Each structure stands twice: as C-alpha cells, then as structure tokens.
Amino acid sequence: MRKDLIQDFTLRISNANRSELVVIKFDMFDEYVSSAVSYLDAGDEANWKKELRRAIAVIESFKDTLDFKYEISENLFSIYQYCMTQCYKALSLKKKEGLDEVKSIMKRLSASFEEVAKKDDSPALMGHSEKVVAGMTYGKGSLYEGTSLSEPNRGFWA
C-alpha cells in the first residue's frame, strides 16, 4: 500500500468509533486487493502475495469478531469464508480471477456497514488522540495538516 494511503488510514482510525472502524477495514481490504492486482499485472510476485495476504488477514479479522448469538453472524461467516477461499485460490494459482467477485461482495457489505456507521454517534475509540486540522496555507494549492496542540506535555510521566 502506498505511503499516502497508510497515512490516510492511520488518521481515519485515530478518529473513528467502532462502526467507522469496520468501514475503514473494508476500505483497507479493497485497497489491498487493488494493490495486489496491480502487482500481479506488473509481474511482482512477492508484493502480490504480501498484499493479498493482508487482504485475507482483514477477512480473518471480520470472521474472528463475529458474535454468534445473533443469527446474521452465521450468514456473514459463510460469506467471509467464501471470500477467503476465493482469495486463497487466487493466491495459489497466481491469477486474479475470483477477486473481482470478492471485491463486489465486500463492497456490498461495506455499504451496509456504512449505513450503520452513519447512525452511530458513539465517541471515538482513541479518545485521547490529537485532533488534526487541515487547511489551506499561503502556498498556492498546498494543503497543510497539523495537530492542535491542546496539551504541550503529552506522554507518560514517571
């Protein structure tokens, strides 16, 4: 994944609540698969494997956090299992054939979780993280992102 995307995801995660975090993980999955396909097209097998394994790890994290006291969890488990199988199949065959379908399935699930996240007004999980302020600087067309230093002495004091 590109450095700018890593920074973007890090910023989004630091300001996200539980529902938004799930949506971010879906976005990360999509980016990992897109990156993997790009690497495969470029003939970079090592990065193809690395990015696709990261996508699989995201699906595994979804599977691991299912709460089976709800009926929908069984359906989601089956969907996640199918997506993982398709990813492993693509990984072993070094072909991107099932990945478009997997991306489509995950995109539809993501849309559902986005609706849930819109209704979730719980506070951010990382409540003590610094707020990032973005605005235009005097430079033409340049964007500056900085933190609002509410506490000059952040950190752990012994």
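In what order do the elements of the protein chain run from the N terminus on? The order is α-α-α-α-α-β-β.

## Model and conventions

This is a predicted model, in which local features need pLDDT of at least 70 and side-chain atom pairs count only at pLDDT 80 or more, while totals for chains, interfaces and linings use all residues. Residues are numbered from 1 along each chain as its sequence is written, and side-chain values use heavy atoms, leaving out hydrogens and water.

## The chain overall

The protein chain has five helices and two strands. Helices (H or I, at least four residues) and strands (E, at least two) are DSSP runs, numbered from the N terminus.

Of the 158 residues in the protein chain, 30% are buried. Buried means under 20% relative accessible area, exposed over 50%, and partly exposed in between (1.4 Å probe, protein chains only). Among contacts (heavy atoms within 4.5 Å) with a separation of 6 or more, 57% join residues 24 or more positions apart.

## Helix α5

Helix α5 covers residues 99–119, 21 residues in total. From its first C-alpha to its last, α5 reaches 31 Å, close to the 30 Å expected at 1.5 Å a residue; the expected span is 1.5 Å times one less than the number of residues.

The buried residues of α5 are Leu 99, Val 102, Ile 105, Met 106, Leu 109, Ser 110 and Ala 117. Seen down the helix axis, they fall within an arc of 140°, so they line one face of α5. The arc is taken from the directions from the helix axis to the C-beta atoms. The cover over these buried residues includes α2 (18–42), α3 (45–64) and α4 (72–93). On the other side of α5, Asp 100, Lys 107, Arg 108, Lys 118 and Lys 119 are exposed.
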